[in-house]
Amino acid sequence: MDPNDFARQLRLLILEVSKRAGVGHIASSLSIVDIMAVLFALYLDNAEGEQPRTRFVLSKGHAALALYGALHLCGRLTRDDLNQYCADGSALGVHPEHTVVGIDVSTGSLGQGLSLSAGSALAAQIERAPRRTYCLLSDAELDEGSVWEAIMFAGHRRLGQLTAIVDLNGQQALGKTSEVLDLGSAAEVAAKMTSFGWSSVVVDGHDIAALAAALAPSDGDAPRMIIARTVAGHGVSFMEGQVAWHYLPLSDQQYYLALRELAAMA
Amino acid sequence: MRKAVIHELTELARTDERLVLLTGDLGFMVIEEFAETHPTRFINMGVAEANMLGVAAGLALEGYRPYCYSIATFASLRPFEQLRNGAHLHQLQVRVIAVGGGFGYGTAGITHHAVEDVALMRTLPHMRVIVPADDRDAASAVRVLHDAKGPTYFRFAKDSRVLDALPGTFDETRLQVVGDGDVLLLALGTIADEAVRAQKLLAARGVHVRLAIATCLAPAPVDHLVELLREARSVVTLEDHVLPGGLGSLVAEVIAERALGCRLQRLGIEETHSPTLGSEAFLRRRAGIDAETVAARLAALVASQYLRAS
């Protein structure tokens with residue numbers, strides 16, 4: 001599927017599924033839609049039942065809605081599966097579980113996905129396998145010390161098959177990241193990564209073409225960190241950049257307003 | 001015990017290319033045999049245990065068999081969440097090599113005393129918790145469990161130890177029983193040396209003790225435990241671990257749930273914030289879990305058992 005089309009459909013799915021369940025974390029999911037669209041439409045091409053050629057770890061597990069939607073668009077989850085989101089007895093919760101088809105790793109506790117991804121990339125390095133590992137982190141997740149252990153390790157071991165993406169939307173649960181624990185500008189975050197031995201680039205996290213170029217497989221021996229400048233709640237005007245939308249579900253009025261806006265997006 | 005384990009891993013790695021050894025920058029004069037024999041599968045992770053357990057989960061996800069080496073406190077308490085959400089949640093074949101369980105790092109200080117680890121690990125329903133009794137038992141346990149599904153936490157004593165009274169072979173389903181007597185002494189593997197010595201001290205005084213060493217805490221060898229407890233009037237548990245959540249807790253649970261009639265006394269570490277430090281032997285003495293104190297407690301128990309009965 002064309003990644004632009006993938007992204008458009010994914011945005012609508014996120015709204016629809018969250019509205020049905022009355023569950024939030026919408027802004028965090030909308031923030032990564034374009035990243036997910038590029039990854040799932042272009043680069044995560046695992047065939048079912050075969051040894052995976054790529055691994056994907058959604059380290060920011062609270063954006064699982066975007067992952068479920070992406071898996072649906074790839075034909076791995078059915079519409080019925082999505083309709084069970086957060087229902088009693090459902091396999092699909094607010095954070096993703098590895099028991100779900102297409103999900104490699106359970107996440108939800110921030111700061112743990114990059115270590116696991118580094119382990120996967122290390123395995124590929126030891127066995128000289130071509131497998132690539134992608135890990136998507138939130139910017140607030142960089143508050144966790146264990147992330148920096150993993151960054152230091154991957155840089156030191158030259159895990160070139162590891163690509164991490166930071167969803168730099170500048171927001172976290174209780175405020176702006178610049179006010180809670182300031183990470184610095186996108187360029188400064190990139191510079192931090194470079195100083196740890198990563199190759200690092202800043203991109204517009206809502207520019208499909210730029211993301212496609214940045215996330216394309218490369219042959220360098222340094223792990224890659226893509227700093228994606230994003231907007232939490234991207235595409236829904238009243239949600240964009242509003243900290244409250246980290247958790248809130250949508251009212252009926254907000255739902256239809258948001259649907260109208262997203263449907264109008266190119 | 002550390003060297004025996006590293007030697008066993010070095011041998012296992014000759015035939016299993018999936019075996020990798022990670023260390024949190026520990027194992028000086030211990031780990032070299034593996035590092036020199038299998039340099040590409042020896043990875044010093046730096047002083048970063050949380051990342052070590054996370055990376056181990058990733059390696060295991062791809063089919064490797066990572067063993068993670070560190071001092072028991074740093075291998076259990078700090079990366080507990082990584083272990084819970086990684087190897088345990090995904091049921092991956094990650095092994096924790098936790099060295100110096102109990103007071104093994106006595107003079108190193110309280111930060112190095114691993115006395116809560118068994119309790120912590122027992123809370124994870126699918127975590128195998130193994131506490132070998134001596135060098136041979138340790139090597140045997142590592143070998144026997146190498147192919148076992150899911151994660152394993154190994155709690156090893158630090159120093160080399162061979163207990164001739166014990167079989168030296170690991171069996172997940174049974175305790176290691178030595179002798180017979182008026183009272184049952186159940187000891188955790190890492191403190192089996194004191195228990196064996198207590199049994200000898202008592203024998204010299206004409207007091208006979210049935211000794212059972214628990215080397216597999218989870219999955220608990222319940223059938224064998226029940227069999228032993230049914231035959232005992234009194235049981236004393238001994239562990240180089242705090243009382244909540246350890247061997248004594250396990251035995252209490254079994255006695256209560258099976259409505260067994262035996263009387264239980266638990267000996268373990270009741271005070272972890274010691275004002276002074278010393279060797280493992282010194283700290284065990286002060287905690288009252290050394291052979292002499294245990295022997296005295298058991299002798300008194302046996303006497304009271306007969307006095308009350310008459």
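How many residues of chain A are in contact with chain B, and how many of chain B with chain A? In this predicted model, 18 residues of chain A are in contact with 21 residues of chain B, where contact means that the C-beta atoms, placed from the backbone, lie within 7 Å.

A word on conventions: residues are numbered from 1 along each chain as its sequence is written, while chains are lettered from A and ligands numbered from 1 in the order in which they are written. Local features need pLDDT of at least 70 and side-chain atom pairs count only at pLDDT 80 or more, whereas totals for chains, interfaces and linings use all residues.

On the side of chain A that touches chain B, α6 (113–127) and α7 (145–156) of chain A each supply at least two residues. The most come from α6(A), with nine residues. Helices (H or I, at least four residues) and strands (E, at least two) are DSSP runs, numbered from the N terminus.

Now to chain B, whose domain assignment, automatic or from a database, gives domain 1 (2–156) and domain 2 (176–309). Their C-alpha centres lie 27 Å apart, and 25 residues of domain 1 are in contact with 29 residues of domain 2. On the domain 1 side, the elements giving two or more residues are α6 (117–122), β5 (128–130) and α7 (135–145) of chain B.

Here are the two sides by class:

| Chain A, touching chain B | seven residues | nine residues | two residues |

Ala, Val, Leu, Ile, Met, Phe, Trp, Tyr, Cys and Pro count as nonpolar, Asp, Glu, Lys and Arg as charged, and the others, Gly among them, as polar.

How values were computed
Two residues are in contact if their C-beta atoms, placed from the backbone, lie within 7 Å.
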